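Good morning, and thank you for the time.

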Amino acid sequence: MRLLASILVALLLSSPAVGQYGQITFSAQHRSALVIDSPEPPTLLGSFVLVDGAATIRQQPVAVIELTTDCRFWDVTARRSLTESGELQEITRETGRQTLLLSGEPGEYLVEAIGFDPEKGIARFSMVVTLGTPKPPEPPQPVIPDNLPKDFDELAKRVATWAVGVPKRLELAAVYRSYAARITDDPTLTVATAGGLLQNDIRAITQTIPEADRQRVRDLFAQINQDLTARWPLDKASLNSYWSCVAAGLEVGK
Amino acid sequence: MSGGLEHQIGPQGWGDGTLTEAEMIRYETEYFERAAADMPVAYRSRPTTNRVLPGIQRRWSEAMERKGMRADSMCLNTLEEITWGRKFNWLPQDIGSCVQSNTFRVWVQRAIAQIAARGDAEEYLGTSEFGISSIAPYGPQTYGMARKRANMRGSDGLYCEPMAESLMKDGVLDCSTPQLLELLRTLEADSAKMLPEPIGKPSLYRAFGNWEYIEQLRQFCDHRLLASVKITSVDEHLEASKQMKTAFMCSMIAIRKTGTHKDGFDIHARNTGERWAHNMGWSGHFYDRSGNLFFILNNTSWGPKAMYNIPAEELDRWYKAKLPTTMTLEEIDMPDSPPPVVID
């Protein structure tokens, strides 16, 4: 590798525009691999794979890279970002051909191949290869204002964190604000009837949210439900405060 | 009609008609002493907050002021009206079940005080007067269980102390209890108006009063009264009333109208010319615009107009003469509200 790099650097510095180039290219085929997680390496015995008792099998997406080149020297790399690399395992290699297996976390990988031949010069080829369904990028964390209510172990602040990426937060907050007021001002409401009405109004909003974002919504309510249930029972005055804190948290960043 | 009242005199039912007034008072006193010794904690006052949710207090005060009451009054009839949009229109009693028939009315009002005014995380038994969704418990079951505690069978009637003990130790039966509804179907007493009291079917009420059916339904009873305190003075009465504790009273006191207040409401007092062996409820108190204190005596088991405004000085005389046996309805263990979780 060090020799290859030195040659490349020398070539680039000495004749960067000579005009002589080799050929290098590859294709990527998406496959699914069965991965054996085992403390001991598995042993292949005929058509049997012997594994340790604690071994587990999982399936993960991979890509088979088929490279062809007329260069004498070449190297292939894969990376997700400047600091995250994909794992490339060589399966076969012969003159002008190499088969590699790309594995790693689901996401997009930039696979780059660079070749060098003393007679033909350098060659480059790159391609974005996607493994599995890439996770959407994490939305940025909101800036939490200092003036949020501190009640219920800083519930408002925690809701603001849980609600990152949840659409229609202001509409959801308005529902919570409305029922926070009604639960203490409307004598016809009990906690159960108010809870039922709140649920209906929230669902009317969440059902308009695209399915791709619904998991964030479900996660948000799972967190709130868990916190509320752990504090139960709360009387109406306390529930007024609680729902006001939820609303304040949902309003952060909007 | 008598005593200037705008309603008929209905059935009475304090005691079974075999004892004199003095003997009945002694019965109540001895029963109380025995029961309180058996379970002292149930007869101890539980000071509770009378802090009303501010939004409810505002509505309640405004409604009372429209009736000529001072804003700091605690008229539970008015609270019932702002909570449910009306005063419940219960049916009048048709047997001597007044100890149950008037008590359940103030039992419901106590539940409203806990849930609507104070804002407890509790639920009502139902949402209307009648049928399986009645807000009141099933009357005959309570009547029968209390009469069994008093060892009363045969003729109508009951005493207040066994009633208090039953409410605390037996609990009450929800009108939506499936086993009750099944029983009432077989007895052809399951039409909507047969709950919470089978008015028009006195034989059924009396059957429960003679201990039939009560044991097979006892296991489904719940929502006990957690304490009941014997009131012996007007000061104690006012203090309990300020904490929105309703009460029920057994006595021989009959009522007459003594006049009309300048604000338009009737004023009532004891009618010494008559005697009612009867139970009535207490539905709070109010101050008129001049600051005069009145207590609200609820006798609506004789019809919706049987609501009396008793001046504090008059009630003071009753207690000083040891005429009534009055027991408070303190905390009722109503059904707990579930946490309002959101499921997307």
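This is a predicted model: local features need pLDDT of at least 70, side-chain atom pairs count only at pLDDT 80 or more; totals for chains, interfaces and linings use all residues.

Residues are numbered from 1 along each chain as its sequence is written, and chains are lettered from A and ligands numbered from 1 in the order in which they are written.

Let me begin with chain A. Four of its strands form an open antiparallel sheet, in the order β1-β4-β7-β6. Strands here are DSSP runs of E with at least two residues, helices are runs of H or I with at least four, and both are numbered from the N terminus; two strands pair if DSSP finds at least two bridges between them. From one strand to the next, the twist averages 20°. Strand β1(A) is joined to β4(A), residues 56-69, by 14 bridges, and within this pair A:S27 stands opposite A:E66.

Next, β8(A), which covers residues 107-117. Seven bridges connect it in antiparallel fashion to β5(A), residues 73-79, where A:D75 has A:I114 as its bridge partner. Eleven bridges connect β8(A) to β9(A), residues 121-131, again antiparallel. A:G107 stands opposite A:L131 there, and a hairpin of three residues links β8(A) to β9(A).

How many residues does each chain bring to the contact? Chain A brings 28 and chain B brings 21, where contact requires C-beta atoms, placed from the backbone, within 7 Å. On the side of chain B, α2 (54-66), α3 (76-84) and α5 (103-117) each supply at least two residues, and α2(B) gives the most, with three.

Finally, α3(B) and α5(B) pack at about 60°, their axes 10 Å apart; axes are lines fitted to C-alpha atoms, for helices over the stretch in contact, and angles run from 0 to 180 degrees between N-to-C directions. The two helices are therefore oblique to one another, the class left over once angles under 35 degrees (roughly parallel), over 145 (roughly antiparallel) and 65 to 115 (roughly perpendicular) are set aside. Among the residues that meet are B:L76 and B:L79 of α3(B), and B:I112 and B:A113 of α5(B).

Conventions
Two residues are in contact if their C-beta atoms, placed from the backbone, lie within 7 Å.
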